Amino acid sequence: MADRPVVLIAEQLSPATVEALGPEFEVRHCDGADRADLLQAVVDVDALLVRSATRVDAEVLATAKRLRVVARAGVGLDNVDVEAATQAGVMVVNAPTSNIVSAAELAIGLILDTARRISVANASLRHHEWKRSRFSGVELFEKTLGIVGLGRIGVLVAQRMSAFGMTVIAYDPYIQAGRAAQLGIRLVTLEELLAQSDVVTVHLPKTPETVGLIGAEQLRLCKPTAILVNAARGGLVDEQALFEALAEGRLAGAGLDVYEHEPCTDSPLFDLDNVVATPHLGASTEEAQEKAGVAVAGSVRLALGGELVPDAVNVEGGVIAEEVRPGIPLAEKLGRIFTGLAGEIPQSLDVEVRGEIAELDVHVLQLAALKGAFVDVVEEAVTYVNAPLLAAERGLAVRLVTDRESPDYRNLVTLRGTLVDGGQLSVSGTLVGIKQRERLVEINGYEVDLEPAAHLAFLSYEDRPGMVGKVGQLLGEAAVNIAGMQVARDRRGGLALVALTLDTAPSAELLDRIGTEIDATLVRSVEL
């Protein structure tokens, strides 16, 4: 049990999170907001689970020598230094869809509350006042809703507020007009949106480009009867400019869940009775917390199992199609076989994907091949995260080539590279049958048909009688059993290639002896 991977949970998460991890992991807890406690706790952990209060920076990553994955149980990653994690080869994952419904519903709640002045009326009544005339509101029916950022949450808000009879317009430079039209939404410029909307709701990520997007100049474009809601990220709206617009009557009201500096308990905005404010509650529902915990627990299981994680934010490849997934371990094995045969990192490497899956996004196969190519030749742990960095640092030019045509196989993955001396090397593999069994089908132009195994050996020599027998004899004398063998040649009397799967790994001395006996031009072993 001592060998179980260690998962450190640094903040309060749903009990379902631990259940989703399962018994294969040792689960520890610490107070991530306590810096000293965190630094002491991360020293020997394999995975770190956090929410928003734990700051995961270069210091934490340097201290956590065994760390392989940081999981944020939520969407935002403001508290995680993704660049430093990538340099350290640490995967960063989040739960991008866990809180979208909760966040959308809170934004809608802020819209309704601000429009009908529910919170201030409630506070007045609790002070034993009955002043109905003070709290006259506005209907949303037939009003215009302007959504700044038409991502997942923005779309959910649009769908729900359309049911209120609102006309929906949106600003998002990364959304095609056709896609917006399918949703019944008209795309406009930010200036047009602010001028036309009765309600403006912000649903953007926080980036250098979006910070301060709505400032004093933009707020002057708004109708004096308009309401502005920000339940996305603090800093997207200039809070001082917002206060001035509200105090001067240039804006009717605002609903806020996020702030430039959090926690925020002292803001002039809180003194205005046309402001509804909540303490960053967008993801604070039981359902969202459970979804987030379960999602990142699943990602941690995949990451610590050496698999690619679709929700990893610092791994290329994105969402992986089901048809592509079986090829990932094959591509990684081809990478290991390629480097094992080459005995070096190539100068350039093409990852060729041919057949039906070439119509899909197969970048993940390039990533898997890179991981395999480096895993046996560098000292540091190679992950799906740092494999592209290792390639860049070593000047390895990598290219993905796809082709729908595959004459001989339904799908075929080939690694084709140029070595330092200018020589060429290629290895190809495919998946066959209902069970999608892996097959090695080509090595440097030689046709083979071999299932990759834990112990592989490759020999090349001048084709002549008796060589196969010598190889078998020498392996037998060393008590190394042959599980499978393929012999191929370019022509009769030309160069022959023997590909072997073995039950045990051959020693270097044994391989040298075989190479000498058959006068081999190539002797290589590969451990998978």
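Modeller: Welcome! Two strands count as paired if DSSP finds at least two bridges between them; strands themselves (E, at least two residues) and helices (H or I, at least four) are DSSP runs numbered from the N terminus. You are looking at a predicted model, where local features need pLDDT of at least 70 and side-chain atom pairs count only at pLDDT 80 or more, while totals for chains, interfaces and linings use all residues. Residues are numbered from 1 along each chain as its sequence is written, and side-chain values use heavy atoms, with hydrogens and water left out.

Colleague: Thanks! In what order do the strands of the open sheet of 7 strands lie?

Modeller: This sheet is open, and its pairing is parallel. At its edges are strand 8 (186–187) and strand 12 (275–277), each of which pairs on one side only. Reading across the sheet, the order is 8-7-6-9-10-11-12.

Colleague: Which residue stands opposite Val 148 in strand 7?

Modeller: Strand 6 (residues 144–148) and strand 7 (residues 167–171) run parallel, and 5 bridges join them. Across from Val 148 in this pairing is Tyr 171.

Colleague: Why is strand 16 described as largely enclosed, and how many of its residues are buried?

Modeller: A residue is called buried under 20% relative accessible area, exposed over 50%, and partly exposed in between (1.4 Å probe, protein chains only). Strand 16 covers residues 424–432, and the rest of the structure largely encloses it because the buried ones number 7 of the 9.

Colleague: What does a search of the whole structure give as the number of salt bridges?

Modeller: For a salt bridge, a side-chain nitrogen of Lys or Arg must lie within 4 Å of a carboxyl oxygen of Asp or Glu. One of them joins Arg 68 and Asp 46 at 3.8 Å, N to O. Arg 68 is in the loop between helix 3 (58–63) and strand 4 (69–72), and Asp 46 in the loop between helix 2 (35–41) and strand 3 (47–50), so this pair ties together parts 22 residues apart in sequence. The search finds 27.

Colleague: Is Asp 350, which forms a salt bridge with Arg 399, buried or exposed?

Modeller: The closest N and O atoms of Asp 350 and Arg 399 are 2.6 Å apart. Arg 399 is partly exposed at 49%, whereas Asp 350, at 17% relative accessibility, counts as buried.

Colleague: Which helix holds Arg 513, the partner of Glu 477?

Modeller: The side chains of Glu 477 and Arg 513 form a salt bridge of 3.7 Å, N to O. Glu 477 belongs to helix 16 (residues 467–477), 36 residues away in the chain from Arg 513. Arg 513 itself sits in helix 17 (residues 508–518).

Colleague: How many disulfides does a search find?

Modeller: A disulfide needs a pair of cysteine sulfur atoms within 2.5 Å. Among the cysteines, Cys 30 is buried at 13%, and Cys 264 is partly exposed at 21%. The number of disulfides found is 0.

Colleague: Finally, about how much space lies in the largest cavity?

Modeller: A cavity is a set of points on a 1 Å grid over the protein atoms alone where a 1.4 Å probe fits but cannot get out, and lining residues have an atom within 4 Å of a point. Grid points are joined across faces, edges and corners, and a volume is the space filled by probe spheres set on the points. There are 2 cavities of 30 Å³ or more, and the lining of the largest includes Asn 230, Leu 242 and Tyr 259. Its space is about 40 Å³.

Methods
On a 1 Å grid over the protein atoms alone, a cavity is a set of points where a 1.4 Å probe fits but cannot get out, and a pocket is an open set with protein on both sides within 12 Å along at least five of seven lines; lining residues have an atom within 4 Å of a point.
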